[in-house]
Amino acid sequence: MAGVLAMICPLTAGGGVLAATTPQVTDILPSGVPLPPPTPMEVQPPEDTGSELLGEAAGARPWLARHGIRINMQDVEELWGLAAGGLHPGPTYDGMTAMTVMFDTQRGFGWPNGLLNVSALQIRGRSLTSERLGAVNAVSGYDVGRSTRLFELWYGQGFFANRLDVRVGSIDLDTEFLVSQNASFFLNSSFGWPLSTSSNLYSGGPSWPFSALGVRAKWAPIAPLVLMGAVTDDNPTRGPFYSNEAPTQRDPSGTAFSTSGGTLFIGEAQFSADLALWIAGKGAPSLPGTWKLGGLYDTGRFPDQRYDSHGGLLASPDSTGQPLYHHDNWMMYVVADQMIWRAVPGSSKTISLFMRATANDGLRNRYSTEIQGGLTLDGLVPGRTDDTIGLAWGTGFYGSRAIGNAHDAVRLGTSLAGALKPEQHIEATYQAAVTPYLIVQPDFQYFWHVGGTSFNPETGRSIDNGVVLGVNMTTTF
C-alpha cells in the first residue's frame with residue numbers, strides 16, 4: 001500500500017497538500033497567468049519581495065508582514081490590433097490595475113489559520129472583441145468593460161491542521177473552480193472562465209471581475225485528492241438574463257452584494273499524481289498532472305432558446321419577444337493538466353498538455369458543449385529558462401434549440417445572420433520573463449466563423465476570418 005501511495009503522490013511523506021493556503025499573487029489575473037512550479041502537487045511559493053518592483057518598499061513590507069498584513073499590486077497593459085477580417089480592422093488598448101490586501105490572523109493577534117482577503121480592480125480601455133472583431137470568445141480576459149470596483153471580500157478559516165478550509169464572503173469562483181493551470185496561461189478569455197459559463201449564466205456567474213455572496217469549502221482528505229464545493233448567489237449584478245446594459249454598468253462599484261435570483265451550487269474533485277512513476281518508476285523525471293471532475297447546478301430561471309412565453313417561435317414576427325423561462329440549470333465538466341516530457345529530473349525544461357470539456361442542457365443554454373486543448377513548452381528557449389511558449393485551440397457548440405431558432409429565423413425571414421456555425425479560435429503566444437516582476441507576452445489569435453453565425457446580423461454580409469495581434473505586459477509591484 002505504501003508503494004502505491006508513493007506512486008500516486010511522492011509528497012505524501014512530506015505532509016501532503018493543505019486545503020488552506022494563502023492565495024498566490026497571480027490568482028487575481030484572469031488570463032496570461034505564469035505557469036506554477038512544475039511539482040507533483042501545488043506548492044505555495046515563499047514570500048519574495050525580489051519578485052516585486054517595489055521590493056521591500058523602504059522597509060514597509062517587512063514591517064507590515066510582522067503584523068500579518070500583506071499588500072500585492074499588479075498592473076496589466078495590453079495593446080491589440082485586428083489585422084484582418086472581423087468587422088473593423090484597427091487597434092485598441094485595455095488595461096487593469098489590481099490591489100489585494102490580506103491579513104493573517106495568526107501573525108496579527110494569534111488566532112491560528114485565519115485569513116482576511118480584500119481586493120479591488122481598476123479596469124480601463126476599449127473592447128477589441130465587440131467593437132472591431134465581433135467574436136463571441138473575447139481576445140482577452142481583461143476585455144470586460146471599464147469600471148473601478150471591489151473584487152473579492154472574504155474571510156477564510158482553516159480547520160483540522162488546515163486539511164479543511166472554509167471561506168465566507170463575496171467570492172470569485174473562477175480562481176479555483178473549472179480552472180486549468182496551463183489554459184490560464186493563454187490570453188483569450190475562454191481559456192480562463194469558458195464560454196459555456198460566461199454566456200449561459202447570469203452576468204457570466206461569479207467570475208472575474210465579479211464575485212458573489214457565498215461560502216466555499218475545500219477539503220484535502222488524503223494527499224492526492226482535494227474536494228471543493230461552493231454555494232453562492234447566481235446573479236452577481238442583479239440584472240435580467242438579457243439586457244442592453246453591460247454587467248459592469250449595472251454594478252459599477254462591485255458592491256451590489258446581490259441576493260436576488262437563484263442559488264448556484266458547484267462542486268469539484270481534483271486528483272494529482274506523477275505520471276512518470278506509473279510509466280517508468282522511481283528515478284525517472286517527474287511528470288506531475290492534475291485531473292478534475294466537477295459540475296454546477298443553478299436554481300434560477302433560464303430562457304428557452306427557441307420558444308416564447310406563449311409557446312410560439314421566438315423567431316416569428318408574431319412572437320411576444322419574451323422567451324419561455326425554465327427553472328434550474330446544470331453543467332458537467334472535466335479538466336486535465338498533464339506534463340508529458342521533462343529533460344532530466346528536476347529540470348524546468350518541460351512540455352505539458354491541457355484539455356477541458358463541458359456539457360449541459362441544450363434547451364435553455366445557447367452553448368451545450370465546449371472543448372479546449374493546448375500545449376505549453378516551458379524553458380525550452382536557449383538562455384531563457386523562465387520563458388514559456390503556448391499553442392491552444394477552442395470551440396463551443398450550440399444547443400439544439402439555439403440551432404432551431406436560427407433555422408426558424410432564416411425560414412421566416414426575420415434575421416440576416418443565417419445558420420449558426422461554431423466559432424473556433426487558435427492562439428499562439430510567448431511569455432517572456434523580462435525581470436522577476438515584469439512579464440511581456442506577444443500574442444497571435446485566429447478566428448473562424450467569427451460571431452458564430454454565417455453572416456453579419458446587422459448587414460447580412462459574410463464576416464471574414466479574424467486575425468488578431470496583441471501584446472500583454474504585466475508588472476508586479
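# A chat about a predicted model

Me: Hi! What is the relative accessible area of Phe 257?
Reply: Phe 257 has a relative accessible area of 33%, so it counts as partly exposed. Buried means under 20% relative accessible area, exposed means over 50%, and partly exposed is in between (1.4 Å probe, protein chains only).

Me: Before we go on, what kind of model is this?
Reply: It is a predicted model, where local features need pLDDT of at least 70, side-chain atom pairs count only at pLDDT 80 or more, and totals for chains, interfaces and linings use all residues. Residues are numbered from 1 along each chain as its sequence is written, and side-chain values use heavy atoms, with hydrogens and water left out.

Me: Thanks! Back to Phe 257: where is it found?
Reply: Phe 257 is in the loop between H6 and S8. Helices (H or I, at least four residues) and strands (E, at least two) are DSSP runs, numbered from the N terminus. The phi of Phe 257 is near 45°, which is a positive value in a residue other than glycine.

Me: What about Thr 255, where does that one lie?
Reply: Thr 255 also belongs to the loop between helix H6 (247–250) and strand S8 (263–274). Thr 255 is partly exposed, at a relative accessible area of 41%.

Me: Which side chain makes a polar contact with the side chain of Thr 255?
Reply: That would be Ser 253, at 2.6 Å. A polar contact is a pair of N or O atoms within 3.5 Å; within protein, one must be able to donate a hydrogen and the other to accept it, and residues adjacent in sequence count only if both atoms are side-chain atoms.

Me: Switching topic: what is the phi of Ala 57?
Reply: It is near 55°, a positive value in a residue other than glycine. Ala 57 sits in the loop between helix H1 (2–8) and helix H2 (60–66), and at 30% relative accessibility it is partly exposed.

Me: Leu 53 is in the loop between H1 and H2 too. Which residues does Leu 53 touch?
Reply: Not counting residues up to four places away in sequence, Leu 53 touches Tyr 437, Thr 475, Thr 476 and Phe 477. Contact here means heavy atoms within 4.5 Å. Leu 53 and Tyr 437 are 384 residues apart in sequence, with 5.8 Å between their C-alpha atoms.

Me: Is Ser 196 buried or exposed?
Reply: Ser 196 is buried, at 2% relative accessibility. This residue lies in helix H5, and it touches Met 331, Thr 358, Asn 360 and Glu 370, leaving out residues up to four places away in sequence.

Me: Which residues does the cis peptide bond with omega of about 5° join?
Reply: It joins Trp 208 and Pro 209. Pro 209 is in the loop between helix H5 (195–198) and strand S6 (212–222).

Me: Now the whole chain: how many helices and strands does it have?
Reply: There are 8 helices and 16 strands. The radius of gyration is 23 Å, close to the 23 Å that the globule rule gives for 477 residues, so the protein chain is as compact as a globular protein of that length. That radius is taken over C-alpha atoms, and the globule rule is 2.2 Å times the number of residues to the power 0.38.

Me: And what does the C-alpha trace span along its principal axes?
Reply: About 65 × 50 × 50 Å. Of the 477 residues in the protein chain, 50% count as buried.
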